[in-house]
Structure formats: structure tokens, C-alpha cells
Amino acid sequence: MRHNKATNKVIGTCGLHGFSDNGNSCEVGCLLNSSYWRQGYMSEALSLLFSHARSLGIKELYADIDEGNFRSQALFNKLDFKAKNGQFQRLL
């Protein structure tokens with residue numbers, strides 16, 4: 001994820017990993033430089049990532065978010081993830 005094409009500065013990352021054996025589900029991970037929080041960058045990047053996951057045949061996404069990470073919890077709630085069994089999950 002880049003903020004400015006002119007500077008080519010990397011401000012964060014997001015991706016899919018931990019794919020299930022049948023390829024129907026995987027984990028979502030993301031990191032963003034705190035200078036860029038609350039500006040919509042990660043919501044936009046994750047929305048694009050979810051579209052890509054859907055094109056791969058992924059039916060369910062999950063995120064393992066630390067109990068005290070309220071900003072990430074709020075972000076994933078906003079993106080229609082639901083807390084379940086200690087993880088956040090979403091159907092595509």
C-alpha cells in the first residue's frame with residue numbers, strides 16, 4: 001500500500017494467509033503506519049483485498065485481533081466482521 005506515487009512511500013500492508021486445506025477460507029492481516037490512521041486507507045485497501053479473495057473462491061475470511069486492539073476491532077466491525085470464538089469472521 002502506497003500513499004503517494006511521487007514519493008513511492010510504503011505506509012502499510014495487507015494480505016491473505018493461512019489458507020484452509022480446501023481453499024474456502026483464509027486469514028486477513030494488515031498493518032498501517034500510525035501517521036495514516038483514521039484516514040480510510042486501510043478500509044479502502046481491505047475492500048479491494050476482499051474483492052480479490054472472492055475472485056479466488058474464498059468464502060470466509062477471519063482475523064485474529066488482540067483483545068486490546070480496539071482500533072482494529074472497530075475497523076473489522078465496520079467491514080462486517082463479527083466476533084466469534086475469539087476471532088473476527090466474515091462471509092464473502
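These legends describe views of a predicted protein model. Residues are numbered from 1 along each chain as its sequence is written. Local features need pLDDT of at least 70, and totals for chains, interfaces and linings use all residues.

**View 1. The overall fold has two helices and five strands.** Helices (H or I, at least four residues) and strands (E, at least two) are DSSP runs, numbered from the N terminus. Their order along the sequence is β-β-α-β-α-β-β. The C-alpha trace spans about 40 × 30 × 20 Å along the principal axes. Of the 92 residues, 32% are buried (under 20% relative accessible area, 1.4 Å probe, protein chains only).

**View 2. The largest pocket has a volume of about 620 Å³.** A pocket is an open set of points on a 1 Å grid over the protein atoms alone where a 1.4 Å probe fits, with protein on both sides within 12 Å along at least five of seven lines. Volume is the space filled by probe spheres set on the points, which are joined across faces, edges and corners. The lining holds 25 residues (an atom within 4 Å of a point). Trp 37, Met 42, Arg 71, Ser 72 and Leu 75 lie nearest the centre. β2 (25–32), α1 (41–55) and α2 (70–78) each give two or more residues to this lining.

**View 3. Arg 38 sits in the loop between β2 and α1.** Its phi is positive, near 60°. Arg 38 is exposed, at 76% relative accessible area (the cut-off is over 50%).

**View 4. Asp 80 lies in the loop between α2 and β4 (82–84).** Phi of Asp 80 is also positive, about 70°. Most residues other than glycine have a negative phi.

Definitions and conventions:
This is a predicted model: local features need pLDDT of at least 70, side-chain atom pairs count only at pLDDT 80 or more; totals for chains, interfaces and linings use all residues. Side-chain values use heavy atoms; hydrogens and water are left out.
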